[in-house]
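Welcome! Take a look at it below, and then we will walk through it together.

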Amino acid sequence: MRKWECVVCGFIYDEAVGMPEDGIAAGTRWEDIPENWECPECGVAKADFEMVLVAA
Amino acid sequence: MSGIVIIGTGLAGYTLAREFRKLDKETPLTLVTADDGAFYSKPMLSNAFASNKDPEALISQSAEAMAGQLDARILTRRRVAAIDTAARQVRLEDGESLDYGRLVLAVGAEPIRLSYEGDGADAVLSVNSREDYGRFREAIEGVGHVAVIGPGLIGCEFANDLRGSGREVDVIGPDTAPLGRLVPEAAGRAIQKGLEAAGIRFHLETVVKRIDRKDTGFRLSLDNGETVEAGAILSAVGLRPDTRLAREAGLEVDRGIVLDRTLATSAEGVYALGDCAQVAGLVLPYVMPIMHAARALAKTLAGEPTQVSYPAMPVVVKTPAHPVVVAPPAPGAVGEWKIESVGEGVRAVFSQGDEVGGFVLTGAEAVKEKQALSKQVPAVL
Ligand SMILES: Cc1cc2nc3c(=O)[nH]c(=O)nc-3n(C[C@H](O)[C@H](O)[C@H](O)COP(=O)(O)OP(=O)(O)OC[C@H]3O[C@@H](n4cnc5c(N)ncnc54)[C@H](O)[C@@H]3O)c2cc1C
């Protein structure tokens with residue numbers, strides 16, 4: 001499982017944890033999150049500013 | 001018809017350009033900026049010291065790369081001096097003029113500067129751009145003690161970050177508790193305790209009167225008689241929307257450039273967004289409103305007039321020593337704060353009956369409720 005960081009605000013998406021409150025189950029891989037998903041903290045689009053891989 | 005001109009290449013200017021190009025690949029697009037046009041994340045400026053990032057490391061794309069991606073012309077290090085709305089032209093400081101069909105002001109905000117007595121007053125720095133960050137980094141090179149003027153959101157973030165880089169930090173301001181403008185006092189006190197536990201010192205309910213040079217550093221004399229010695233001084237006393245160009249062009253301005261929900265100014269064909277904007281009465285200098293505004297304005301510019309809507313937009317304060325999330329109640333909202341301790345911090349909820357109007361969560365334990373509470377607060381616009 002990997003972690004991804006929003007390049008704009010630093011929000012970390014941890015695949016192992018997911019975002020259950022927002023309907024993204026624990027274990028959801030980054031590739032499987034819809035393209036219209038937005039960073040929950042600053043609102044940048046998934047496709048625009050790319051989350052960067054911070055840990056494997 | 002001539003094209004679209006955007007003044008400013010911050011998050012507002014560039015995000016609008018990206019959103020617009022998704023909808024319209026033909027209309028000529030020109031961006032003009034006073035800086036180098038590099039795309040960077042401004043929020044990262046207040047957590048870059050602890051990770052020891054230099055100004056270059058903060059750049060995610062150069063202006064040339066952005067120009068290619070956006071199929072746009074980007075004029076860098078060119079300042080706009082004036083706008084002529086009758087002739088639909090912007091005039092650059094070097095005398096050149098650009099014609100526009102539609103114009104967008106994304107010129108940001110300017111740090112408020114206070115004046116002080118003493119021969120060290122001119123050494124006070126503010127950080128509101130990558131270039132400012134570079135200057136401040138030079139100023140704190142080899143400096144073990146930094147004074148931060150202003151205990152607001154950005155002051156606290158910098159204080160935490162500087163402390164995280166191993167420096168001594170003193171924060172000074174007139175408020176009774178940190179984040180005084182955003183949170184009720186009890187929440188501010190919890191934040192103060194959390195940051196003090198990390199070694200940050202606060203001097204509250206007082207202001208800096210004098211700044212004198214002393215040896216290689218400075219001595220700050222406070223109104224309450226205390227003195228603070230520091231090797232560098234950062235001012236974070238707030239930002240003021242940059243309304244100069246708009247005002248001089250005769251556009252309606254108030255605290256920011258006055259806009260309706262389509263982000264239109266009072267002049268035909270001229271729009272604005274970002275830190276310079278006042279949308280339906282609200283000045284919200286954060287990233288989330290910019291993203292929503294950019295998506296709405298892109299549609300309008302592509303021919304489908306669209307009003308901006310803002311969902312609930314809790315602000316995450318980047319103070320890892322004591323994390324904070326704030327969703328301020330709407331101005332004038334009726335209700336009461338209910339505040340309880342949770343772990344090291346507090347959970348403060350503003351409500352009227354069952355209606356939650358806003359909240360503040362402080363400390364690692366309390367912030368876990370962010371998602372759940374965010375669903376209960378009303379949309380901002
Ligand atoms: C330290 C710090 C931390 C922050 N952290 C967060 C956070 O965690 N979360 C959050 O949501 N928000 C945060 N913010 C706020 C957020 O960064 C801003 O709301 C956002 O970056 C503003 O973008 P902007 O494009 O409107 O303005 P700016 O980035 O200021 O861009 C203004 C642009 O206009 C250009 N310009 C101005 N005048 C002229 C002229 N006359 N001619 C030509 N060009 C001109 C400038 O060169 C620049 O390119 C933070 C802000 C700071 C300072």
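Which residue takes a positive phi just after helix 7 of chain B? That residue is B:Gly303, with a phi of about 110 degrees.

## Before we start

This is a predicted model, in which local features need pLDDT of at least 70, side-chain atom pairs count only at pLDDT 80 or more, and totals for chains, interfaces and linings use all residues. Residues are numbered from 1 along each chain as its sequence is written, chains are lettered from A and ligands numbered from 1 in the order in which they are written, and side-chain values use heavy atoms, with hydrogens and water left out.

Helices and strands here are DSSP runs, numbered from the N terminus (helices: H or I, at least four residues; strands: E, at least two). Helix 1 of chain B covers residues 11–23. Its 13 residues reach 19 Å from the first C-alpha to the last, close to the 18 Å expected at 1.5 Å a residue; the expected span is 1.5 Å times one less than the number of residues. Helix 4 of chain B, residues 153–164, has twelve residues that should span 16 Å, and its end C-alpha atoms are 17 Å apart, which agrees.

How enclosed are they? A residue is called buried under 20% relative accessible area, exposed over 50%, and partly exposed in between (1.4 Å probe, protein chains only). In helix 1 of chain B, eleven of the 13 residues are buried, so this helix is largely enclosed by the rest of the structure; B:Tyr14, B:Arg18 and B:Phe20 are among them. Helix 4 of chain B is also largely enclosed, because nine of its twelve residues are buried, including B:Cys156, B:Phe158 and B:Asp161. Just after helix 4 of chain B, B:Gly166 takes a positive phi of about 90 degrees. Helix 7 of chain B has 14 of its 15 residues buried, so it is largely enclosed by the rest of the structure.

## The nonpolar cores

In soluble globular proteins, nonpolar side chains tend to be buried together. A nonpolar core is a set of buried Ala, Val, Leu, Ile, Met, Phe, Trp, Tyr and Cys residues joined through side-chain atoms within 4.5 Å. The largest one here has 74 residues, and the members that touch the most others are B:Ile6, B:Leu16, B:Ile83, B:Leu105 and B:Leu273. Helix 7 of chain B, residues 287–301, gives the most to this core, with ten residues. There is also a second, separate core of 38 residues, which includes B:Val148, B:Phe158, B:Val317 and B:Val326.

Beyond its neighbours within four places in sequence, B:Ile6 is in contact (heavy atoms within 4.5 Å) with residues including B:Leu16, B:Leu31 and B:Val104.

## Where the two chains meet

The contact between the chains takes 18 residues from chain A and 18 residues from chain B. About 1,500 Å² is buried between chain A and chain B, with carbon and sulfur atoms giving 53% of it; this area is the accessible area (1.4 Å probe) that two parts lose on being put together, summed over both.

Three salt bridges are counted between chain A and chain B. A salt bridge is a side-chain nitrogen of Lys or Arg within 4 Å of a carboxyl oxygen of Asp or Glu. B:Lys370 forms one with A:Glu41, the closest N and O atoms being 3.5 Å apart. B:Arg295 forms another with A:Glu38, at 3.2 Å between the closest N and O atoms. Because B:Arg295 lies in helix 7 of chain B and A:Glu38 in the loop between strand 2 and helix 1 (46–49) of chain A, the pair joins two chains. B:Arg295 is buried, with a relative accessible area of 18%, while A:Glu38 is partly exposed at 32%.

## Cysteines

A disulfide is a pair of cysteine sulfur atoms within 2.5 Å, and a search of the whole structure finds zero of them over all chains. For A:Cys9, the nearest cysteine sulfur is that of A:Cys42, 3.7 Å away. A:Cys9 counts as buried, at 13% relative accessibility.
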